[in-house]
Amino acid sequence: MSHHITLLPGDGIGPEVADATVKVIEALGVDVVWDRVDIGVEAERATGKFLPDTVYESLEKTKIALKGPVGTPIAKGHPSVNVALRKHLNLFVNFRPVKMLPGLRTRYSDVPIDLVIFRENTEDLYSGIEHEVVTDVVESLKVITKTASMRIAKAAFEWAVLEGRHKVVAVHKANIMKMSDGLFLRCCREVAAGFPQIEYGELIVDNACMQLVMRPETFDVLVTTNLYGDIVSDLTAGLVGGLGIVPGANLGDTCAVFEAVHGSAPDIAGKGLANPTALMQSARLMLSRLGEREAARRMQKAIEAVYAGGKHLTHDVGGSAGTKEFTQAVIDKL
Ligand code: NAI
């Protein structure tokens, strides 16, 4: 059966890692019909919009996308395409598994890190409601709702049960933001009460960051709001080799967009240096969701074999290979 998938290459290193990932999926022999739609800078050049309507038209049909990163201007310019896409499609779960690849040398190589972050994906300080109250005084609204908090907490606990995990920790700052993070925590507690088989804990976000650095192996599943989830995701990526490694998925009730944690990496874009592992591992999650479990398993084994061999690794993880050499090495291992 062929799968219809929307391909959103993005900008910066996006097209490089997207092409590499498509090549591996083709080499796996999975029958995919790609509907390629530009977003970001390329799309703006052609259509005048960073997020053209054709993206939604395609996703309306396919319900699933593989997406490269898209840059967002800092402190000026258009709003984030990524946030808009997640909100518009109601992709309320941002699922980010963080696991050490065998053979990869990092400061934490000997630590058995295997944790998963459930980041709320539609609200919080990413609601984009900002205004200047009077000159030089700006407000940015943090929006927390019961609906969004309950569904992210439920997603985390349901996944923990399904995957045989043992503990969910809610990460918050309810000591300071007593109302907003307080509501998030109350929702987590309410959901936790329905899952007595799963241990439940809570950590204030600053303490969580310290403990993640000192004892990452003690973490299992983390559930948190949008901003803390964004920061904690990059922190934990750093434990297992950096942003070139860690995959992600944006999940809703009807639609799913698979993308890496990393951004468009303008410092290395166009140089053939990007590590496509993160997007490849995101594609592995996508293949599993499509029911292509054997292909997903083969892809993961091939990636792990390349890391275990250590010869064709990219610069970000201490090697000297480029995107193409790494990709060919993965294909050779299939
Ligand atoms: P970044 O993730 O793009 O890069 C941070 C550092 O990690 C850079 O040194 C970069 O070279 C390195 N890096 C990232 N991915 C890599 C890979 N696959 N292989 C090798 N090295 C890699 O974060 P930064 O610089 O903060 O953001 C750049 C742009 O990306 C911004 O405009 C930001 O808004 C956007 N962004 C987009 C995201 C998305 O589309 N989902 C997520 C995060 C940031």
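Good morning. The model is predicted, so local features are taken only where pLDDT is at least 70 and side-chain atom pairs only at pLDDT 80 or more, while totals for chains, interfaces and linings use all residues. Residues are numbered from 1 along each chain as its sequence is written, and side-chain values use heavy atoms, with hydrogens and water left out.

I begin with the ligand.

An oxygen atom of the ligand lies 3.0 Å from a polar backbone atom of serine 264. A polar side-chain atom of glutamate 259 is 3.1 Å from a ligand nitrogen atom, and one of lysine 67 is 3.4 Å from a ligand oxygen atom. Taken alone, the ligand exposes 810 Å², of which the protein buries 70%; accessible areas come from the Shrake-Rupley method with a 1.4 Å probe, and for residues only the protein chains shown count as cover.

Glutamate 259 leads us to arginine 86, since the two are in contact, meaning heavy atoms within 4.5 Å. Arginine 86 sits in helix 4 (residues 81–88); helices are DSSP runs of H or I with at least four residues, strands are runs of E with at least two, and both are numbered from the N terminus. Is arginine 86 buried or exposed? At 9% relative accessibility it is buried, a term for values under 20%, with exposed over 50% and partly exposed in between (1.4 Å probe, protein chains only). Its side chain makes a polar contact of 3.3 Å with that of asparagine 250.

Finally, the structure holds six aromatic pairs. One of them, phenylalanine 157 with tyrosine 200, is tilted, at 6.1 Å centre to centre and 45° between the planes. Phenylalanine 157 belongs to helix 5 (residues 146–162) and tyrosine 200 to strand 9 (residues 199–204), so the pair ties together parts 43 residues apart in sequence. Phenylalanine 157 is buried at 0% relative accessible area, whereas tyrosine 200 is partly exposed at 25%. Rings of Phe, Tyr and Trp (its six-membered ring) pair if their centres lie within 6.5 Å; planes under 30 degrees apart are stacked, over 60 edge-to-face, and the rest tilted.

Definitions and conventions
A polar contact is a pair of N or O atoms within 3.5 Å; within protein, one must be able to donate a hydrogen and the other to accept it, and residues adjacent in sequence count only if both atoms are side-chain atoms. Lists of a residue's contacts leave out its neighbours within four places in sequence.
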